[in-house]
Amino acid sequence: MSRADALILEPDDGPARSALVWLHGLGATADDFAGLNLQLQCPGLRVIALQARPQPVTIFGGQVVPSWFDILPKPGGRVTSNLDELEESAQRVRAEFERQRQAGVTQFAVGGFSQGGAQALFTALTHPEPLAAAVCLSCYLPQDEYLTQRAEHLTLQTPVFMAHGSEDGVVFHEHGEASRDWLREHGTFVEWHSGKFEHTVTEEELAALGKFLRDHLD
């Protein structure tokens, strides 16, 4: 099933009891994760793969692509993320949680790959209450200085699953490690997986993720 803004993947074992809102990578589409619910093998899990709106991305020379937030260059070869757009996309995820709550779902998780994983992590940290889980694949902590300044106001109790390839040439492995370390230093439980792969999602990751979700969702 699908909506104009999302691909809805229903559990094959009965009514949904939990919902994972999934966010694709920069320039990608929700359809890239068709079948994710079957790969995760998590009973009662509905996956809502949201579709980002096309917008200009500064580091792409202003090219319009599906994006959760703009990425802008900083001195020294670094980049930063548009905070207002991060918060706007987080609100979109929260609106989806409410939609699912009204449909009878009682547990919620957010996850994503690459830029979508960064957005998922920001969403979980700024959500008003802990979620059942957050999933961050091949990604990084966006707006780390802003979040560090607001650490006492963040929701740090959500368990986080992170995975990152050591051969990743898009989001470097050390950025994932630094994000993991930041979370652990602030008291968040992080299950970390790494392997010799590039900027992609592997079967091994999804198998480990499925177990993580089964452990944290009823």
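These legends accompany views of a predicted model of one protein chain.

**Figure 1. Overall fold of the protein chain.**
The chain contains 6 helices and 12 strands. Its radius of gyration is 16 Å, close to the 17 Å given by the globule rule for 218 residues, so the chain is as compact as a globular protein of that length. Along the principal axes, the C-alpha atoms fill a box of roughly 50 × 35 × 35 Å. When contacts between residues at least 6 apart in sequence are considered, 71% of them join residues at least 24 apart.

**Figure 2. Surface and burial of the protein chain.**
Of the 218 residues, 54% count as buried. The chain exposes about 10000 Å², and 50% of this area is supplied by carbon and sulfur atoms.

**Figure 3. The largest nonpolar core.**
This core has 41 residues. Leu23, Leu50, Val110, Leu125, Trp182 and Leu183 are the members with the most contacts inside it. Helix H3, spanning residues 115–126, provides the largest share of the core, with 6 residues. Another core lies apart from this one and has 26 residues, among them Leu7, Cys42, Ala49 and Leu137.

**Figure 4. Surroundings of Leu50.**
Leu50 is one of the residues with the most contacts inside the largest nonpolar core. Residues up to four places away in sequence are left out of the neighbour list for Leu50.

**Figure 5. A nonpolar surface patch around Phe60.**
Ile59, Phe60 and Val79 make a nonpolar surface patch of about 240 Å². Phe60 sits in the loop between strand E5 (54–57) and strand E6 (63–66). With a relative accessible area of 36%, Phe60 is partly exposed.

**Figure 6. Gly62 in the loop between E5 and E6.**
Gly62 is found in the loop between E5 and E6, where Phe60 also has its place. The relative accessible area of Gly62 is 36%, so this residue counts as partly exposed. Leaving aside residues up to four places away in sequence, Gly62 touches Pro56 and Val57. Strand E5 covers residues 54–57, so both of these contacts fall within the numbering of that strand.

How values were computed: Residues numbered from 1 in each chain as written. Predicted model: local features only at pLDDT ≥ 70, side-chain atom pairs only at ≥ 80, totals over all residues. Heavy atoms only, no water. Patch = residues over 30% accessible without salt bridge, like charges linked within 9 Å, V, L, I, M, F, W, Y side chains within 5 Å. Areas by Shrake-Rupley, 256 points an atom, 1.4 Å probe, with all protein chains shown as cover. Salt bridge = Lys/Arg side-chain N within 4 Å of Asp/Glu carboxyl O. Helix = DSSP H or I, 4+ residues; strand = E, 2+ residues; numbered from the N terminus. Buried < 20%, exposed > 50% of the residue type's maximum accessible area, 1.4 Å probe, protein only. Core = buried A, V, L, I, M, F, W, Y, C linked by side-chain atoms within 4.5 Å. Contact = heavy atoms within 4.5 Å. Rg over C-alpha atoms; globule rule 2.2 N^0.38 Å.
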